[in-house]
Every structure is written in structure tokens, then in C-alpha cells.
Amino acid sequence: MAGLWQQLGSLRQGRALALLHLVCLLYLPSGALPWDNKAGSPPLEGFQVVRGNFSRMFLRVGYHKIAEIPAGARNITVRETVKSRSYLALQTKSGVSIINGNWVIDRPGVFSAVGTQLTYLRPNEIRSRSGESITAPGPLTEDLHVYLIYQQPGPSVHYEYSMPLQNTHPTPEPDTPSDILPLVRTADPSKTVEEVHQGDVANNVITEKKPHPNKVQSDPSVTADPWPSYTWTKSGRTECSTTCGTGRRLVLWECVEKESQTTVPADFCDPAVKPTNQEEDCNIQPCPAYWDVGEWSECSRKCGPGTQHRQVICRQVTHVHATGTETAVTVAPELCGLPDRPETKSSCQLKICSQWEIRSEWSPCSVPCGVGQRSREVVCVNNLGDVEEDEECNMNLRPETLQNCDLGACARSWFTSLWSQQCSAECGRGNRTRSTVCLMDHVTDLPLASCEGERPPEVTPCDSGPCQNRLEWYAGPWGQCSAECGNGTQTRSVACIFNNNGHMEVVDNSKCSSLSQPITAQVCRLKPCGVQWYVTEWSVCSRSCNGGYRVREVRCLADNIAPSNRCDPSLTPENREECNKQPCLAEINPSCSDQYHNCMVVVQARLCIYPYYRSVCCASCSRAQKTYPNSLEKNYIRR
């Protein structure tokens with residue numbers, strides 16, 4: 001009986017090993033077991049893979065459609081093949097944004113939409129030189145549109161997905177067994193257990209079977225355990241949670257036959273006594289330093305070419321926590337490699353700037369002749385044609401709105417006023433007068449010599465009737481002007497006349513004192529003098545005796561009394577000369593003396609007109625009075 005149980009136990013062990021062997025031979029050609037997590041999923045039968053690439057060197061800033069993924073697609077992958085500052089975006093066929101829509105950049109994560117889970121990764125938040133990526137298992141319940149938000153020249157995007165084949169009937173796969181017993185039944189019954197099972201299982205790999213050294217051959221006369229025993233043993237460790245910076249990993253356990261240490265399914269061991277998974281540190285070496293790149297700032301200009309900045313810091317991860325968070329510190333930029341440092345400044349353009357637009361032609365000139373001005377309307381408009389504030393356009397490029405215009409020389413004509421109503425004489429012959437001016441068409445007064453033709457007369461004779469025993473003033477003609485140019489003076493003689501019916505007699509001027517006497521002098525100006533030298537009066541001599549000096553100002557002035565530099569330098573008047581060269585005489589009046597040593601300043605300041613200064617500077621003021629008797633008197637009158 002004991003031998004029978006031993007044979008049954010050996011048969012059970014052999015069946016288990018045969019089970020594992022058949023699973024590997026029939027269903028897993030790669031050699032991986034069904035519970036091996038590292039085994040890749042087989043390609044989908046009845047599906048075709050659609051792949052595509054999108055690349056352009058230059059695009060306008062904004063959204064550009066890359067592809068349209070139809071409903072029913074599976075195993076969807078969209079990724080940048082070249083890392084850039086551009087972004088991927090998704091939108092449904094109906095126009096609903098899923099990821100990075102409406103110029104809003106979403107954080108990386110998992111998004112539920114169109115019947116699947118979309119995983120969005122961005123390189124700025126992981127230490128990777130790969131670009132952005134979006135993956136989804138599918139199937140899609142709605143068409144999915146893929147966009148690229150262009151920010152940097154030279155984008156490159158790869159996408160692929162699987163679609164069911166049309167009119168294809170795949171070959172039915174064999175039914176998958178629900179337990180391990182049917183697999184054992186498929187073995188050839190003509191073969192022994194040892195012939196069917198050619199290897200042992202250890203660490204999920206089929207290895208060659210070797211007889212256990214302590215195993216006793218089956219013999220009905222020998223007593224043995226009716227069933228083999230199984231136990232848990234360490235099989236390895238999971239992959240470290242990080243490649244550097246002190247990560248964590250789990251210690252794995254597997255079920256083995258105690259005597260042969262052969263790996264068997266976990267169902268053979270008691271789950272109640274399975275050890276708990278233990279964690280341990282791994283990859284404790286520091287991580288390589290990396291460039292931590294921040295987000296771009298806003299563009300420096302609202303329109304036209306501008307610049308944007310971002311922060312680039314060299315960091316190094318010192319520890320990776322179990323929650324997935326990291327502890328990083330800032331290190332020297334040299335550890336990250338200065339040649340590989342990402343750009344911190346970039347050009348940008350949000351929209352096209354507004355431009356100047358000329359809305360009207362030049363207006364007519366402001367004058368009918370001569371030089372005037374004309375104008376036109378200039379406005380600032382945006383790219384839609386709407387008028388904006390002038391500050392939105394470049395003021396340096398604004399077209400001129402005012403311009404000088406010359407319509408040629410104006411016609412010059414003589415204009416006269418009406419003759420005066422009354423005769424200049426109350427009786428006898430007199431004169432009536434009027435004014436004469438030379439004007440242009442647009443009423444600009446000109447010098448009288450500028451008009452063409454003879455100047456109209458301004459005086460005409462008149463007769464107020466006979467005069468009887470009347471006294472009146474008679475004025476002679478004006479004399480010659482005292483200056484050849486500029487302002488001068490001219491005079492005339494007047495006489496008191498007794499007129500009796502045309503018989504005139506000159507009488508004493510006092511008899512006409514009751515009458516208004518005509519003026520005998522007036523200012524005259526023959527022509528402009530142009531530039532010439534002007535001088536002031538000489539100052540008081542610096543000394544009253546023994547030689548001093550006096551000064552005056554000399555200026556070159558034009559006709560309008562404006563300073564000029566066109567005067568002849570060789571004709572420049574002297575601005576300093578000697579004076580009072582006579583020797584000084586002794587004081588005659590001992591009571592008249594200077595009480596201060598600087599009394600000459602009092603004389604130069606013309607203060608001797610005041611009694612106080614004449615008293616304390618008696619000698620100096622007396623000498624000045626003798627030398628310039630009229631000067632002090634004039635100064636006194638002016639004050």
C-alpha cells in the first residue's frame with residue numbers, strides 16, 4: 001500500500017511538471033510563463049497598424065492638425081521624436097477640447113475621453129530627452145483629431161494606432177483551459193511522466209530536469225510519504241524604482257517543491273504562510289545632474305517680434321521616495337554641461353502689429369499763393385481694419401500729416417483808403433489825405449517798394465473858401481533824413497501867417513500860439529542798414545588822474561536788433577580806451593577828502609548823486625564832477 005502511495009505521489013509530481021512544460025510548448029513560444037509580468041503582449045490578430053510622421057521646418061505660431069484617428073482605433077501612440085518647445089493637443093470630431101485646448105496648457109496626467117484613458121506626458125516634468133507623448137489603449141468611441149501647437153522650428157511627430165481589418169475572418173483560437181488538468185490530459189498516454197517532463201521550473205524558466213540525489217526509487221516494499229511537500233522561497237527582486245538616487249524594490253517569493261527545489265505554481269503552497277513582501281534600498285548612487293527647465297514667460301510684446309524667458313537650473317536628485325516624489329538640490333551648472341544648457345531666451349510673436357493707414361488725400365493749401373501748409377488723415381489700424389490708439393503703432397514710422405506747400409509768388413497790388421472828409425484848411429486852399437499800402441492777395445503787408453507800378457498819391461488839394469483876416473500856421477517841406485539807412489530824423493520850418501483874402505504876411509509865432517502848431521521833426525527811415533556795429537556810451541574813467549581807462553560794449557546787430565556775426569571785423573569799434581592822463585593835483589580843500597579807500601567804485605557806480613556818498617567820497621566825487629560835469633547830471637536826471 002505504501003508503494004502505491006509513493007507511485008501516486010510521484011505521478012502527481014510528474015503531472016505538475018508536465019503541466020508547466022506543456023504550457024511553455026503550446027502557448028508561449030517565447031519561453032515566458034503566463035504569470036511572467038515582463039512578457040510582451042502578442043500582436044492583435046485581425047488588426048492592421050497605421051503609422052505616420054509629421055514634420056515641417058517652419059509654421060506659423062498656433063494650432064496645426066497632424067492626423068485624424070478614426071473611432072475603433074486601439075493601441076494609440078502619439079509622440080514627439082525630437083524634443084521641442086511645442087505642445088501636442090487633442091480634440092474630438094465635434095470640436096470639444098481634451099488636452100491643451102483654447103491656448104491653455106494642461107498639466108501631464110490621465111484624461112478620460114472618447115471611451116478610453118489618455119495618458120499625457122511632458123518632458124519638462126521628467127528627466128528625459130524625449131518629447132511629449134500621448135498614449136491610449138482604446139478602442140475609441142469617436143474620431144480623435146491630433147494637433148501640434150507650433151512654438152519652435154523643426155517639429156517632428158510620430159503617430160500610430162491599430163484598426164480592425166475589413167472583411168477578415170480570423171482563424172479561431174483553441175479554447176484556453178480553465179485549469180491545469182486538461183493540459184495534462186493532452187499528453188501522449190503512451191509516454192511515461194519522465195518522457196513528457198524534460199525540465200524543472202526555477203525562476204519562471206524551464207530548466208533541465210535532474211533526479212534528486214536523495215530520491216529513493218519506487219519500490220513497493222519501501223515506505224515513503226504519500227504526498228510531496230511544498231514551501232515558499234526567495235525567487236528574486238523587482239526592478240528598482242529608480243536608476244539612481246536611492247530607490248526601493250521588493251523581494252519576490254515563489255512556491256517550490258521542498259526536496260527538489262523545483263518551482264511549481266503558487267497554488268501548490270499554502271498562501272497563509274507566504275512571507276510578506278519586503279522592501280530594500282537599491283541604486284543608492286547619486287543621479288546625474290540635469291537641467292530643470294521652467295515654463296516660458298509671457299511674450300515681451302503684445303504684437304510683433306518679442307522675447308520670452310524661462311528659468312534653467314542645474315539640479316541633482318539625491319533621493320527618490322516611495323510615493324514617487326523626489327528630493328533634488330541645486331548644483332553647479334558645470335555638472336550639467338554648459339554646452340548642453342537649454343536656451344533661456346527665445347523669440348516670440350503673439351500677433352501681427354497694427355499699421356499706419358492713410359485715409360485721405362492731401363488737403364488744399366492753406367493760402368492761395370506763397371508758402372502755406374496742407375494736411376491729410378493718418379490712423380492706426382489693426383490687422384482686421386479697426387482703428388486703434390496711435391500708441392498701438394510704431395510712432396517712428398508714422399506718415400507725416402502736415403506738409404508745406406508753395407503756390408508761387410503772390411500778386412502785389414496798391415491799396416488806398418478813402419480820402420479824408422475835411423480839408424486840412426478851414427479856409428483857403430488845403431489838402432485831403434488817404435493811406436496807401438502794398439498788399440498781397442492773402443492780405444500780407446509788404447514794404448511799399450515791393451509793389452509794381454507807380455504809388456498812388458496820398459495828398460490832394462482842396463479849397464475851403466476865401467480866408468479873411470485869419471492867422472494860421474504854415475509848414476514848409478520836410479528836410480533831408482539825417483541817416484542814410486535805418487532810423488533818422490528830418491525837420492521842417494513852420495511860420496505863423498496872417499492871411500487876408502490870399503494876401504499872406506509872416507507875423508510873430510506868438511500870435512498863432514492859440515493854434516495847434518504842426519510838428520517840426522519826425523523819424524525817417526530811407527532803407528534798412530543791414531548788419532552793423534552798435535556801441536554803448538563810455539563808462540566812467542577808472543581813475544580821475546594819472547591815467548585810467550574806460551570801457552563800452554560793442555555788438556553786431558541786424559535790422560531786427562538780433563545778434564549777428566556778419567559785421568566786418570576790421571571795422572569793429574574800440575571797446576576800451578585810456579582816459580584822465582593828466583597828473584593828479586594836491587587837494588586844495590583839506591576838508592574834502594575820501595574817507596574810504598575804494599571811493600573809485602562809488603564813482604564808477606555813479607553813486608555821487610547821493611549826498612551820503614558825496615560826503616564820504618568828497619575828493620573822488622569832486623574830481624569826477626570836474627572831469628565829467630554833464631555825466632553826473634544826466635545820471636541824476638535818469639534816476
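A: A definition comes first: a disulfide is a pair of cysteine sulfur atoms within 2.5 Å. Keep in mind that this is a predicted model.

Q: OK, how many disulfides does a search of the whole structure find?
A: The search finds 16 disulfides.

Q: Let's take C314 and C336. How far apart are their sulfur atoms?
A: The sulfur atoms of C314 and C336 are 1.9 Å apart, and the two residues form a disulfide.

Q: Is that disulfide of C314 and C336 right-handed or left-handed, and why?
A: The disulfide is right-handed, because the torsion about the S-S bond of C314 and C336 is about 90°.

Q: Where do C314 and C336 lie?
A: C314 lies in strand 18, residues 312-320. C336 is in the loop between strand 19 (326-330) and strand 20 (345-348). The pair therefore ties together parts that are 22 residues apart in sequence.

Q: Is C314 buried or exposed?
A: C314 counts as buried, because its relative accessibility is 3% and buried means under 20%.

Q: What about C336, buried or exposed?
A: C336 is buried as well, with a relative accessible area of 10%.

Q: Next one. Which residue does a disulfide join to C380?
A: C380 is joined to C393, with 1.9 Å from S to S. The angle about the S-S bond is 85°, and the link of C380 and C393 is right-handed.

Q: Which parts of the chain does the pair C380 and C393 tie together?
A: C380 lies in strand 23 (residues 378-381), and C393 lies in the loop between strand 24 (387-388) and strand 25 (402-406). The pair therefore ties together parts that are 13 residues apart in sequence.

Q: Are C380 and C393 buried or exposed?
A: Both C380 and C393 are buried.

Q: One more disulfide. How far apart are the sulfur atoms of C423 and C462?
A: The sulfur atoms of C423 and C462 are 1.7 Å apart. The torsion about their S-S bond is about 85°, so this disulfide is right-handed.

Q: Where are C423 and C462 in the chain?
A: C423 is in the loop between strand 26 (412-416) and strand 27 (429-433), while C462 is in strand 30, residues 459-463. They are 39 residues apart, and the pair links distant parts of the chain. C462 is buried, with a relative accessible area of 12%.

Q: Change of topic. How many salt bridges does the structure hold?
A: The structure holds 16 salt bridges.

Q: Which residue forms a salt bridge with R248?
A: R248 forms a salt bridge with D281, and the closest N and O atoms are 2.5 Å apart. R248 lies in strand 14 (residues 247-257) and D281 in strand 15 (residues 278-282), so the pair ties together parts that are 33 residues apart in sequence.

Q: How accessible are R248 and D281?
A: R248 is partly exposed, with a relative accessible area of 27%. D281 also counts as partly exposed, at 45% relative accessibility.

Q: Which residue meets E68 in a salt bridge?
A: The side chain of K65 meets that of E68, at 3.0 Å from N to O. E68 is partly exposed at 46%, and K65 is partly exposed at 39%.

Q: And which residue does R359 form a salt bridge with?
A: R359 forms a salt bridge with E357, the closest N and O atoms being 2.4 Å apart. R359 has a relative accessible area of 38% and is partly exposed. E357 is partly exposed at 31%.

Q: Which residues are linked in a network of salt bridges?
A: R122, E132 and E295 are linked in a network of salt bridges.

Q: How many bridges do strand 4 and strand 9 pair over?
A: Strand 4 (residues 87-92) and strand 9 (residues 144-150) pair over six bridges, in the antiparallel sense. L88 has L148, in strand 9, as its bridge partner.

Conventions. Residues are numbered from 1 along each chain as its sequence is written. This is a predicted model: local features need pLDDT of at least 70, side-chain atom pairs count only at pLDDT 80 or more; totals for chains, interfaces and linings use all residues. Side-chain values use heavy atoms; hydrogens and water are left out. Helices (H or I, at least four residues) and strands (E, at least two) are DSSP runs, numbered from the N terminus. Buried means under 20% relative accessible area, exposed over 50%, partly exposed in between (1.4 Å probe, protein chains only). A salt bridge is a side-chain nitrogen of Lys or Arg within 4 Å of a carboxyl oxygen of Asp or Glu. Two strands pair if DSSP finds at least two bridges between them.
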